[in-house]
Amino acid sequence: MNDISIKVDNLTKVYRLYDKPIDRLKESLSPVKKSYHREHYALKNVSFEIKKGETVGIIGVNGAGKSTILKIITGVLNPTSGSVTVNGKISALLELGAGFNPEYTGIENIYLNGTMMGFTRDEITERLDSILDFADIGDFVNQPVKTYSSGMFVRLAFAVAINIDPEILIVDEALSVGDVFFQAKCYKKFEEFKKMGKTILLVSHSLSSISKYCDKVILLNKGEKLAEGKAPEMIDLYKKLLVNQYDEDAEGDSVEDIMNMGTELNEGELCKSRMTLNPVINSYGNGMAEIYDFAIFDDRGKIVNQLTKGSVFKIMMKVKFNQAVNDPIFAFTIVNLQGTDVTGTNTMYEDVNFENPKAGEIKTVTFTQKIDIQGGEYLLSLGCTGYMNGDFTVYHRLYEICSINVISDKNTVGFYDMNSVIEIS
């Protein structure tokens, strides 16, 4: 046990859910102990160990129990059953606002937080300059935190969390509200902590951060631990959960077996049904053609929304022509979340020629390429266009139809990576 920082043993957290507020009172007053609630398992028999000096990530879809397990580890919540053993001083950055009084100034909240962590006023004063330097919010430290932006708030909260010399640092997604420069500053601190042999437990939807920093990843699903292992394997399995390709009957199988499931489509099933699509469909055109199916395939031939930077992937689209069309142009465009075109191509640019499709004919077009754009979230648009009587015509276009999450453990400057080879002599 000397090398274990956190041990979670058969942890279960059950919430009682009532359809109406009055049902809670009825249940408490019932002479026959009639039940008016149903039970919701936020966590169910979850067990794992984290060794000292490890950086461990917890991932899972919304509602998997990630935040709940962190709150139990940090003592914010009590478990229904099971136990947690912690060896070392914990500093935690949970949801925005936890542990801060909005009426107090930043300085007052630093002392409040430090006192809650067991430090004396003198010990907090010794660390005050380091906290203020890291937070870098200027004179706002003397203003009530209720006047702070979310970015300023998380700067101060993280600065307090990392400057009180914790042995275990726990962070729950809060860094996502900080600007990119502050996030880089925080992740540099993670690297320093790792070199110092401190334990880090990280919950994040940023798969790039999980891939880059975590020695081990725990995957939760519907309150249960689905798997545990190296980041690439767990991220691959997480991808299957996102597109509903995980078979719950496969529990207990190896990760490799699970990853090989669900790759074959059912009869009549469209490829796009395996993808996470934009709920707001922006579809337009004159109807002479229809993009009725499409998908993104990773380097193992799996339908995905997540791609690993540097890998080869395919974009496939199936187009049905309702009328005969001369020289159609098939295209894809990848844009960032601000709507800026990052990259894309079409069959005209690539000088690909084929026979003119007739009415009722279906064409399947596949673009194969290597993805070297920076890690992050992007959107994919697809189009089938052409020229009629010399005028550019849109037959069918699906605008920002689905997301692409590029997972990267190394980003460079700008939109894409030059893949530079550096020599020093």
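Me: How far apart are the mean positions of the positive and negative charges of the protein chain?
Reply: They are 5 Å apart, for 45 positive and 57 negative charges. Lys and Arg count as positive, Asp and Glu as negative, with His and the chain ends not counted. Each charge is placed at NZ of Lys, CZ of Arg, CG of Asp or CD of Glu.

Me: What should I know about the model itself?
Reply: It's a predicted model, where local features need pLDDT of at least 70, side-chain atom pairs count only at pLDDT 80 or more, and totals for chains, interfaces and linings use all residues. Residues are numbered from 1 along each chain as its sequence is written, and side-chain values use heavy atoms, leaving out hydrogens and water.

Me: OK, K13. Where's its place?
Reply: K13 sits in strand β1, residues 4–18. Strands here are DSSP runs of E, at least two residues, numbered from the N terminus.

Me: And which side chain of opposite charge is nearest to K13?
Reply: That's E39, 12 Å away.

Me: What does K13 touch, then?
Reply: Leaving out residues up to four places away in sequence, K13 touches several, including H40, Y41 and T68. Contact means heavy atoms within 4.5 Å.

Me: Switching topic: is M275 buried or exposed?
Reply: M275 is buried, at 7% relative accessible area. You'll find M275 in the loop between α9 (255–259) and β10 (282–284).

Methods: Helices (H or I, at least four residues) and strands (E, at least two) are DSSP runs, numbered from the N terminus. Buried means under 20% relative accessible area, exposed over 50%, partly exposed in between (1.4 Å probe, protein chains only). A salt bridge is a side-chain nitrogen of Lys or Arg within 4 Å of a carboxyl oxygen of Asp or Glu.
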